[in-house]
Amino acid sequence: MSNSVHGHDVMALMVAQGGAIIKPELISLMGQKFGLSARYHTCSAVDLSAEALLQLLMHKGKLLDTPQGIELAAGKRCEH
């Protein structure tokens, strides 16, 4: 993994945004922050695209897809 970014870093980026963000804007922001060719990983998955990472985090209940956009689920952050 040449430029692999942990999902925690994406969640921290979302915290810095301060609220819900629509998916295309979040993916664009991820590209600006981590590079357009970045791949992503979590504690349980590797070599994910930005879209696949967001889908995984939503599936795990760490992100919520709300009418205002994607936001962090309260109390669902990892403790490591």
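The model is predicted, so its local features were taken only at pLDDT of at least 70 and side-chain atom pairs only at pLDDT 80 or more, while totals for chains, interfaces and linings use all residues. Residues are numbered from 1 along each chain as its sequence is written, and side-chain values use heavy atoms, with hydrogens and water left out.

The protein chain contains three helices and four strands, where helices (H or I, at least four residues) and strands (E, at least two) are DSSP runs numbered from the N terminus. Their order from the N terminus is β-α-α-β-α-β-β. The chain is as compact as a globular protein of 80 residues, because its radius of gyration is 12 Å, close to the 12 Å that the globule rule gives. This radius is taken over C-alpha atoms, and the rule is 2.2 Å times the number of residues to the power 0.38. Along the principal axes, the C-alpha atoms fill a box of roughly 35 × 25 × 20 Å. Of the contacts (heavy atoms within 4.5 Å) between residues at least 6 apart in sequence, 55% join residues at least 24 apart.

Buried residues make up 40% of the 80 residues; buried means under 20% relative accessible area, exposed over 50%, and partly exposed in between (1.4 Å probe, protein chains only). In soluble globular proteins, nonpolar side chains tend to be buried together. A nonpolar core is a set of buried Ala, Val, Leu, Ile, Met, Phe, Trp, Tyr and Cys residues joined through side-chain atoms within 4.5 Å. The largest such core has 23 residues, of which M30, F34, Y40, L54 and L63 touch the most other members. Two or more residues each come from helix 1 (7–17), helix 2 (23–34), helix 3 (50–59) and strand 4 (69–72). Helix 3 gives the largest share, six residues. Leaving aside residues up to four places away in sequence, F34 touches N3, V5, D9, V10, L13 and Y40.

In helix 3, the buried residues are A50, L53, L54, L56, L57 and M58. Their cover includes helix 1, helix 2, strand 2, strand 3 and strand 4. After helix 3 comes G61, with a positive phi near 80°.

Strand 3 (residues 63–66) pairs with strand 4 in the antiparallel sense over four bridges, pairing being assigned if DSSP finds at least two bridges between two strands. A hairpin of two residues joins these strands, and L63 stands opposite L72 in strand 4.

In strand 2 (residues 39–41) lies H41, which is buried at a relative accessible area of 18%. The H41 side chain makes a polar contact with the side chain of S4 (2.5 Å). A polar contact is a pair of N or O atoms within 3.5 Å; within protein, one must be able to donate a hydrogen and the other to accept it, and residues adjacent in sequence count only if both atoms are side-chain atoms.

The structure holds two salt bridges, each defined as a side-chain nitrogen of Lys or Arg within 4 Å of a carboxyl oxygen of Asp or Glu. One joins the side chains of E51 and K23 (3.0 Å, N to O). This pair links distant parts of the chain, with E51 in helix 3 and K23 in helix 2, 28 residues apart. E51 is partly exposed at 34% relative accessible area, and K23 is partly exposed at 22%. D47 forms a salt bridge with R39, their closest N and O atoms being 2.9 Å apart. D47 is partly exposed at 44%, as is R39 at 33%.
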